[in-house]
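Dear colleague,

My notes on it follow directly after.

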Amino acid sequence: EANRLKDDFLATLSHELRTPLTAIKGWVGLLADSNTIANDKEVAGGIAVIQNATSSLAQLISDLLDLSRLQRRVFRLELQPSDINLSVLNAVQAVKQTAEAHNLAIELDLGRDLPIIEYDPQRVQQVLWNLLTNAIKFTPAGGRVKVRSRLLHEDGAPDGELESRRWIAIEVEDTGEGIAPDFLPHVWDRFRQADGSSKRHHGGLGIGLALVKELVEAHQGMAQVKSDGHGATFTVRFPVVGSGATAAAPA
């Protein structure tokens, strides 16, 4: 009952926060397009910072609302056949400015000729955005975040099937501080962080990775994490159903 009340509260809070945020985003967008503002580099820089902050806040509110919908089982995916590398590239582009501000390099190693699969592009991009922002948050300046996509073949398909099961796997690997072994089992828990004290160095509500797991499993996929104390690697897998066409190599 407590969890149900909490989910209802999150849903209401998310809806109420969206209304003023929409007005802020609209007016900031108008200011950013103003020729008068464009001629003042200091003010234009400030407007860009506000735009970036409102985008991050909008994403946080969206994550809260989606997590609430998933918990209440009223969430629906908009599936369509697409190249998953496009979602990877869109997510990387969305965090590029943040990575540069933290003096971090993002490296891409995207698989060629991956099969087209049915998935929700917006939600997969949301998954990758959360994984990338998490990696950026916990990686010190001068570090690296690497994103890979590849096709996996898993032998021994269920129900005695002879053919192997195929997955598209996306890995986000960082050179950050890593994850303590005793916290690894709790990485996907809602509202949990490795440093849960009020004086923790890293912000956030502790919902991003919980949402990642929920969204991936809604696609009948799997989410995994490993860390040896020197960085962490998060892997999400999406099933390949049928033969499927192959996508063109990413640019």
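**Glutamine 71 and the findings that follow**

Glutamine 71 is a residue of helix α3; helices (H or I, at least four residues) and strands (E, at least two) are DSSP runs, numbered from the N terminus. The model is a predicted one, in which local features need pLDDT of at least 70 and side-chain atom pairs count only at pLDDT 80 or more, while totals for chains, interfaces and linings use all residues. Residues are numbered from 1 along each chain as its sequence is written, and side-chain values use heavy atoms, with hydrogens and water left out.

With a relative accessible area of 28%, glutamine 71 is partly exposed; buried means under 20% relative accessible area, exposed over 50%, and partly exposed in between (1.4 Å probe, protein chains only). Not counting residues up to four places away in sequence, glutamine 71 touches Asp7, Arg190 and Glu214, where contact means heavy atoms within 4.5 Å.

**The chain as a whole**

The protein chain contains six helices and seven strands, which follow the pattern α-α-α-β-α-β-β-α-β-β-α-β-β along the sequence. It has 251 residues, of which 38% count as buried. Among contacts between residues at least 6 apart in sequence, 74% join residues at least 24 apart. The chain exposes about 14,100 Å², and carbon and sulfur atoms supply 52% of this; accessible areas come from the Shrake-Rupley method with a 1.4 Å probe, and for residues only the protein chains shown count as cover.

**The pair α4 and α5**

The axes of helix α4 (residues 84–101) and helix α5 (residues 121–137) come within 8 Å and cross at roughly 40°. Here axes are lines fitted to C-alpha atoms, for helices over the stretch in contact, and angles run from 0 to 180 degrees between N-to-C directions. The crossing is right-handed, a term used if the near helix is turned clockwise from the far one by less than a right angle. Residues making the contact include Ile84, Ser87, Val88 and Ala91 of α4, together with Val124, Leu128, Trp129 and Leu132 of α5. The residues of this contact divide into 13 nonpolar, five polar and no charged; Ala, Val, Leu, Ile, Met, Phe, Trp, Tyr, Cys and Pro count as nonpolar, Asp, Glu, Lys and Arg as charged, and the others, Gly among them, as polar.

Serine 87 lies in α4 and is buried, at a relative accessible area of 3%. Leaving out residues up to four places away in sequence, serine 87 touches Tyr119, Pro121, Val124, Gln125 and Leu128.

**The nonpolar core**

The largest nonpolar core has 45 residues, and those with the most contacts inside it are Ile84, Leu131, Leu132, Ile170, Phe234, Val236 and Phe238. Such a core is a set of buried Ala, Val, Leu, Ile, Met, Phe, Trp, Tyr and Cys residues joined through side-chain atoms within 4.5 Å. Elements that each supply at least two residues include α3 (41–71), β4 (144–154), β5 (165–174) and α6 (208–218), while α5 gives the most, with eight residues. Apart from neighbours within four places in sequence, isoleucine 170 has among its contacts Ile84, Val88, Leu128, Val147, Phe234, Val236 and Phe238.

Threonine 233 is placed in strand β7 (residues 232–239) and counts as buried, at 10% relative accessibility. Neighbours within four places aside, threonine 233 is in contact with Glu171, Val172, Glu173, Gln224, Val225 and Lys226.

Arginine 237 also belongs to β7 and is buried, with a relative accessible area of 17%. Arginine 237 and tryptophan 167 are 70 residues apart in sequence and 6.0 Å apart in space, C-alpha to C-alpha. With neighbours within four places set aside, the contacts of arginine 237 include Leu152, Glu154, Trp167, Val216 and Met222.

**Positive phi in two loops**

Most residues other than glycine have a negative phi. Asparagine 103, in the loop between α4 and β2 (105–110), has a positive phi near 55° and counts as exposed at 53% relative accessibility. Glutamine 220, in the loop between α6 and β6 (222–227), has a positive phi of about 65° and counts as exposed at 60% relative accessibility.

With kind regards
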